[in-house]
Amino acid sequence: MAIITAAQATDTGWTWAQTTALIVPFIALFGALLTYALNQRAIRKEHRAETFAEALTAVEEYLEMPYRIRRRPKSSSAVRQQLTDEVSGLLARMAFHQAWLQIEASAVAGPYATLVATARAEAGAQMSLAWQQPPITTDNGMNLGAAYPRDRSNEARAACVEVMRRHL
C-alpha cells in the first residue's frame with residue numbers, strides 16, 4: 001500500500017481549489033461590471049428625467065407670462081423691457097430644449113415641439129391681451145378673477161409627458 005502525499009495528489013490532476021480560484025475572480029468581476037452598468041443606467045435615467053423636467057418648466061414659465069404681464073406694477077419702459085426680456089429668454093430656453101431633445105431623445109422632440117407651438121399660440125394671444133390691460137395698482141387687482149384658458153396646452157403637455165415617461 002502506497003501513501004500518497006499532498007504534492008503527489010496535485011500532480012495527478014486539476015483540483016476543485018484551483019477551479020474555485022479561477023472562477024471566484026470572474027464572478028466578482030461580473031458582479032462589479034453588472035453593478036457599474038446598472039448604476040450607469042440609473043444615472044442616465046435620472047439625467048434624462050431632469051432634462052425633461054427642465055424642458056417642461058420652460059414651457060410652464062412661458063404659459064405664466066400673461067399673468068406676469070397683466071400683474072405688472074406700472075407702465076414704464078423699464079418694466080416693459082424686463083418683461084419682454086423674460087419672454088425672449090423663455091423662447092430661447094424652449095428652443096434650446098427642443099434642439100437638446102432632438103439630440104438626446106428624438107422620440108420626445110416631436111411631442112415637445114407640439115407643446116411649445118401650442119403654448120406659444122395660447123400664451124402669445126393671452127400676452128397680447130394682457131398688454132392691453134392697464135397696470136394693476138391695488139392689492140385687490142392682483143386677483144384676476146379668471147384664469148387664462150390653457151386647455152390645448154394642457155392636452156399637449158399630457159401627451160408630451162406620456163412620451164417622456166416611456167423614454168425614461
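Predicted model: local features only at pLDDT ≥ 70, side-chain atom pairs only at ≥ 80, totals over all residues.

User: OK, what's the angle between helix 3 and helix 4, and how far apart are their axes?

Analyst: The angle is about 165°, and the axes sit 8 Å apart. Helix 3 covers residues 77-104 and helix 4 covers residues 106-132.

User: So parallel or antiparallel?

Analyst: Roughly antiparallel, because angles over 145 degrees are put in that class.

User: Which residues make the contact?

Analyst: From helix 3, the list includes Arg-80, Leu-83, Val-87, Leu-91, Met-94, His-97 and Leu-101. On the helix 4 side, Val-108, Ala-109, Tyr-112, Val-116, Arg-120, Met-127 and Trp-131 are among them.

User: And how does that contact divide into nonpolar, polar and charged?

Analyst: There are 12 nonpolar, five polar and three charged residues in the contact of helix 3 with helix 4.

User: Switching to burial. Which residues of helix 3 are buried?

Analyst: Val-79, Leu-83, Val-87, Leu-90, Met-94, His-97 and Leu-101. Their cover includes helix 2 (16-70), helix 4 and helix 5 (151-166).

User: How far apart are the end C-alpha atoms of helix 3?

Analyst: They are 40 Å apart, which agrees with the 40 Å that 28 residues should span at 1.5 Å a residue. For helix 4, 27 residues should span 39 Å, and its end C-alpha atoms are 39 Å apart, so that agrees too.

User: Now Glu-54. Where does it lie, and what does it touch beyond its sequence neighbours?

Analyst: Glu-54 lies in helix 2. Leaving out residues up to four places away in sequence, Glu-54 touches Arg-93 and His-97. Met-94 is 40 residues from Glu-54 in sequence, with 9.4 Å between their C-alpha atoms.

User: Why does Glu-54 count as partly exposed?

Analyst: Its relative accessibility is 45%, so Glu-54 falls between the 20% and 50% cut-offs.

User: Last one, Arg-44: buried or exposed?

Analyst: Exposed, because Arg-44 has 52% relative accessibility. Arg-44 is in helix 2. Leu-168 is 124 residues from Arg-44 in sequence, yet the two are 8.5 Å apart in space, C-alpha to C-alpha.

Technical notes: Residues numbered from 1 in each chain as written. Heavy atoms only, no water. Axes fitted to C-alpha atoms, helices over the stretch in contact; angles between N-to-C directions. Helix = DSSP H or I, 4+ residues; strand = E, 2+ residues; numbered from the N terminus. Parallel < 35°, antiparallel > 145°, perpendicular 65-115°, else oblique. Contact = heavy atoms within 4.5 Å. Nonpolar A, V, L, I, M, F, W, Y, C, P; charged D, E, K, R; others polar. Expected span 1.5 Å × (residues − 1). Buried < 20%, exposed > 50% of the residue type's maximum accessible area, 1.4 Å probe, protein only.
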